[in-house]
Amino acid sequence: MEESLFKMRILIFGAKGQLGREFCHYFNNIKVNYKAYNISNCNISNYRQIESAIIDFMPNIIINCSAYNLVDVAETNTYEAYYTNAIGPTHLAILCNKYNCKLVHYSTDYVFDGSKEDFYDEKDTPNPLNIYGFSKLLGENQVKLISDDYLIFRLSWVYGEGSPNTFLSKLKQWSLNTRSLKIVDDEISIPTSVRTIVKITMESIKHNLTGLYHLTNSGKASRWEWATLLNNIANLNLEISRAKSADFNLPAKRPLFSAMSNQNISDILKINIADWQIELVDYYKSL
């Protein structure tokens with residue numbers, strides 16, 4: 001990383017989530033000057049708390065890893081979903097302008113409805129199917145509308161350490177109670193590691209990029225394919241059979257195909273982003 005990175009002061013919100021933890025781990029390793037907050041000591045839906053944190057540290061980059069991502073619960077807990085995913089980023093955008101900070105914010109593939117049935121790029125029109133997707137779309141629109149200097153990355157099927165809500169954590173928990181599972185094979189997207197996200201984010205900052213980009217590993221997968229590979233990697237010895245989304249009466253409707261193309265960011269940074277299967281195996285070997 002360039003010498004200029006070591007002159008940066010980076011403020012992280014959402015430090016206890018999968019992505020926030022990976023940023024902290026990365027910054028500790030390369031000795032970047034950063035400070036990290038989680039919801040217990042700074043809630044991004046609270047304008048005064050955010051401003052106090054900014055004044056205290058005076059960063060030149062803010063990375064927002066905070067998110068309300070309980071997709072089904074959001075259908076009834078609408079207030080919290082919108083305050084975290086939309087109002088919080090609005091506060092950050094306003095304050096980043098006020099204190100001359102670059103804002104890095106993360107959105108989701110769930111802003112799309114899946115009707116395209118092909119890889120979504122940044123020019124495609126969003127049309128969320130659920131409250132979670134609507135709240136994330138509103139958040140990214142507010143950042144674009146307000147912020148003078150921003151990076152927005154749409155992510156999909158993020159995995160990493162530090163959360164009981166991760167797909168691997170769920171598989172491990174289910175394996176304690178059963179030997180057989182049914183996983184849907186008609187939901188298609190791209191499992192993406194926090195390691196990939198941090199790497200591409202920092203390369204984008206180094207190249208002073210602005211705007212909205214799709215940030216995923218390469219390829220595509222069904223949830224069944226993802227679960228099958230995780231089962232093998234973690235030696236869970238589960239019997240995983242195929243199912244359909246219609247078999248589960250979940251509160252939130254999900255897009256059946258929400259895989260996004262990472263071609264744009266790959267071309268700009270002149271890099272090749274690893275295939276999801278290669279990255280998944282390599283990531284868990286590294287833990």
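A salt bridge here is a side-chain nitrogen of Lys or Arg within 4 Å of a carboxyl oxygen of Asp or Glu. The model is predicted, so local features need pLDDT of at least 70 and side-chain atom pairs count only at pLDDT 80 or more, while totals for chains, interfaces and linings use all residues. Residues are numbered from 1 along each chain as its sequence is written, and side-chain values use heavy atoms, with hydrogens and water left out.

Select Asp 149 and Lys 102 to begin: they form a salt bridge whose closest N and O atoms are 2.8 Å apart. This pair links distant parts of the chain, with Asp 149 in the loop between α4 (131–146) and β5 (150–155) and Lys 102 in strand β4 (residues 102–108), 47 residues apart; helices (H or I, at least four residues) and strands (E, at least two) are DSSP runs, numbered from the N terminus. Asp 149 is partly exposed at 26% relative accessible area, whereas Lys 102 is buried at 6% (buried is under 20%, exposed over 50%, partly exposed in between, with a 1.4 Å probe and protein chains only).

Next select Lys 35 and Asp 56, a salt bridge with its closest N and O atoms 2.6 Å apart. Lys 35 belongs to strand β2 (residues 33–37) and Asp 56 to helix α2 (residues 47–57), so the pair ties together parts 21 residues apart in sequence.

Then move to Arg 223 and Glu 187, whose side chains meet in a salt bridge (2.8 Å, N to O). Arg 223 is buried, with a relative accessible area of 17%, and Glu 187 also counts as buried, at 6%. Finally, select Asp 185, Arg 242 and Lys 244, which salt bridges that share partners join into one network.
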